[in-house]
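This report describes selected local features of the model shown below.

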Amino acid sequence: MRTPGTTVSAMGHLGLIGWLIVGWGFNAEPLEFSETSITVVSGEEFDQMTAARTPEPGTADPTAPVQPVVDVTPPEPPAEEEPAEATLPPDPVEPPAEDTPPPPAPTPPPVADVTDIAPDEPLVPVTPPPAPDLPVVNDDPTPQQADVVSSELVEPAQPDTPIDDVPREEVIPDESETAEEVIVEEPPAAPPPTTTEIVIEDETPSGAVETSLRPVTRPSRPQPPAPEPEEETEVADAEPVTPTEQDTSEDEVAAALAAALAADTPADAPAAAVGPPLTGSERDSFRIAVNSCWNVDPGSVAARVTVEVGFSLDREGKVQGDVRMVSSDGDPSATSTAFEAARRAILRCQSGGYQLPADKYEQWKDVVITFDPSGMRLR
Amino acid sequence: MMKHILAVLLVLVLAVPAMAQNGPLRLTITDGVIEPITFAAPNFEAENAQAQQVASDLSRLVVQDLAGTGLFREVPATAFISQVSSFAQPVAFADWRAINAQALIVGAVAVNGQQLTVKFRLYDVFSGQELGDGLQFAGTVAGWRRMGHKVADAVYSRITGEGGYFDSRVVFVSESGPKDNRLKRLAIMDFDGANLQFLTDSSAIVLAPRFSPNGDRVLYTSFESGFPRINVLNVANVGRQQLQTAPGEMAFSPRFSRDGRQVIYSLSNGGNTDIYRTDLSSGQNVRLTSAPSIETAPSFSPDGSQIVFESDRSGTQQLYIMGANGGEPRRISFGDGRYGTPVWSPRGDLVAFTKQNAGRFHIGVMRTDGSEERLLTSSFLDEGPSWSPNGRVIMFSRETQGVAGSSTMYSVDISGRNLKAVPVQGGASDPSWGPLQP
């Protein structure tokens, strides 16, 4: 049925089709395109090409695989051991005597190994020692939470106690005192861990090691409480490692150091200069500055006199007060001349003040210079 | 054991810095500089009109003396910031420090008729202090040079700590004429060549004059009689006295003892030359050596206890030391070449000598044990060293090569520096440096 709408629709469609046919609808910018060359090959050529890339089985003898080198040395402790060491601060163990063979792999706590008689000769394992019974390390870094809450923390056990497994034939403890105790007593066990507050799991730190695993210096030993007579035995029991050569040497070093420092700082001595000391270059520059004004007459009798003069400097490096003679060594008749030459040198070269580090003033406010012309005498 | 060593080392390492930090900063200086000391000497103030010229001349003479030693250097007046118009005026040390004058000499001169008065002060500029007290000399206008030398001696002594030598005289042999007919006569002059006077005429050859310790007499060798003889000449009146020797003997190379009352010399008799000592007052002779070799050129030590001389007893000419009364000598020279004319230093620590080696002549010094030999000069012919009164400078004669060669006197510091000719008109040789004048 033909209606005006149908007519209009038909005319519109025809117009649109005609407009498209004429090309007006494609009058647009050409799209960018790329060209790819195509070569037509036959099926035989394609088979040849594929055959060249795929080796035929049995045509080439494959090389034998390289046998891996088996390391017969004892395996290194697994990496998982590191956190265990980190949790227990390592105690630098003094190597045994020079003629002692390399120590075996770490062994478990010394309960079973410690005897009252030092071993005659450490056994050198012929075969690689079995892997040590490593402490079980929980992969979960979260520390085990304490189930006991206390008002004060309990200090951990001696960190170096369980790992001192190196035979020490040099150490012969006093059998009358400690031999039985070492044998009978169980190794010290750390008291049950406690905490001062209830720890919420979400707020618990991860416990993962965040800094260096190995401390730079030996951690200080915890100060034991004032021992009571009854507890002395327990303290001794708690330290199965008797004093060794290492400890005695360290004690000697510490004692000597303390004695030296004590000797340098007597109670009645003046207060030590504060601040860092002058560096070598700073001392040299000061020395050179005075050198350049120290005029030596090598032909004079004064050239055979060594004088020591003292003076004070202000913060600008200028001499304040008098330059004084501290001591002299040589012909007394020429001492005065030698001193005058030294004083002249100090005063001449100060012109604008000696160039010295201001922050180290306490180090150079008082100066004593020895003028020794022995190297400049006529020979 | 290692731990014990470690403990000790640790203590040392830690203790030393700790000690250094407790007391004053301590430094040791072993290397200085060798350079002249700078000084400023403004013209001395003329306190009256008559003193104007003398003040200027005297100031310049002081500067000349000091600078001539090589140990001092004058800061020229053109560099002065402030002027010294009055002797009593306070010193502006900052102005003199600014021109790096280490010493400042301030003086004043007054002339009243023929009377000359000189006063001076010496300041250490950098310490701002006066070195010693002010001094004043009085003399005649004609003797103004001696006044200047006195001032220079005082300055020299106060700064160096040693005696000066400016107010001293030198007796020597003045030479004239060609080399093959050279006329020689004794002459005396100030140490710097001024005030030259002749003590003898040139009718006879004279050699080796030697001052007495106090400078009042001169010993010398004269060929007036055809043989060498020793004469003692009084400097004041030029009177002479001959040392008696036997006929046929040749006496030469004399030198006074330290007290001036004895003379040691060489006496050659029968082909052998030995050293003798004669007491001038009694005429008594003492033979000090008796070796068949030639012993000559004796010189007393300052304390008079020893004598250094030359001898060829070892086959070559070497230096020996023996007691003042003779005895077994000990040899002190062992280097290559020949050693001669030894002279003991007034300080007593050194012996100056002439050395001939490899065709060259040298003036050198060595310690009295023969160690630390140092040659100060080298030329075609250097010989005859003589010490300055303070033992710091050596004067000697140097002769140039060739027919027209002439002899000139030179001086050199015992450090080997400051070698310079002594300004003398005509030829001059064989100097003997006298003592400081009173």
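The model is a predicted one, and every value below is computed from it.

**Strand β13(B) and its partners**

Within this pairing, B:L219 lies opposite B:V232 of β14(B). The two strands make a hairpin in which 6 residues separate β13(B) from β14(B), and the turn contains B:G226, whose phi is positive at about 95 degrees. Strand β12 (residues 206-211) of chain B also runs antiparallel to β13(B), to which it is joined by 4 bridges. Here B:L207 is the residue opposite B:T221 in β13(B). A hairpin is formed by β12(B) and β13(B) as well, with 5 residues between the strands and a positive phi of about 80 degrees at B:G215 in the turn.

Strand β13(B), residues 217-222, is largely enclosed by the rest of the structure, because 6 of its 6 residues are buried. In a regular strand, side chains alternate between the two faces of the sheet. In β13(B), B:R217, B:L219 and B:T221 point one way, whereas B:V218, B:Y220 and B:S222 point the other way; all are buried.

**An open sheet in chain B**

Another part of chain B holds an open sheet of 4 strands in the order β16-β17-β18-β19, with antiparallel pairing. Its edges are β16 (250-256) and β19 (285-287); each has a single partner strand, so one side of each is left without a neighbour in the sheet. Neighbouring strands of the sheet are turned against each other by 30 degrees on average, direction ignored. Between strand β18 (residues 272-279) and β19(B) there are 3 bridges in the antiparallel sense. B:R277 has B:V286 of β19(B) as its bridge partner.

**Helix α4(B)**

Helix α4 of chain B covers residues 144-160, 17 residues in total, and spans 24 Å from its first C-alpha to its last, close to the 24 Å expected at 1.5 Å a residue. Of these 17 residues, 15 are buried, so the helix is largely enclosed by the rest of the structure. Just after α4(B) comes B:G161, which adopts a positive phi of about 80 degrees.

**A loop residue in chain A**

In chain A, A:R315 is located in the loop between β1 (306-313) and β2 (319-329). A:R315 counts as exposed because it has 12 C-beta neighbours inside 10 Å, and the limit for that class is 12 or fewer. Which residues does A:R315 contact, leaving aside its neighbours within four places in sequence? The contacts of A:R315 are with A:A358 and A:Y361. A:Y361 is 46 residues from A:R315 in sequence, yet their C-alpha atoms are 6.5 Å apart in space.

Technical notes
Residues numbered from 1 in each chain as written. Chains lettered and ligands numbered in written order. Predicted model: local features only at pLDDT ≥ 70, side-chain atom pairs only at ≥ 80, totals over all residues. Expected span 1.5 Å × (residues − 1). Buried ≥ 20, exposed ≤ 12 C-beta atoms within 10 Å, placed from the backbone. Pairing = 2+ DSSP bridges. Axes fitted to C-alpha atoms, helices over the stretch in contact; angles between N-to-C directions. Contact = placed C-beta atoms within 7 Å.
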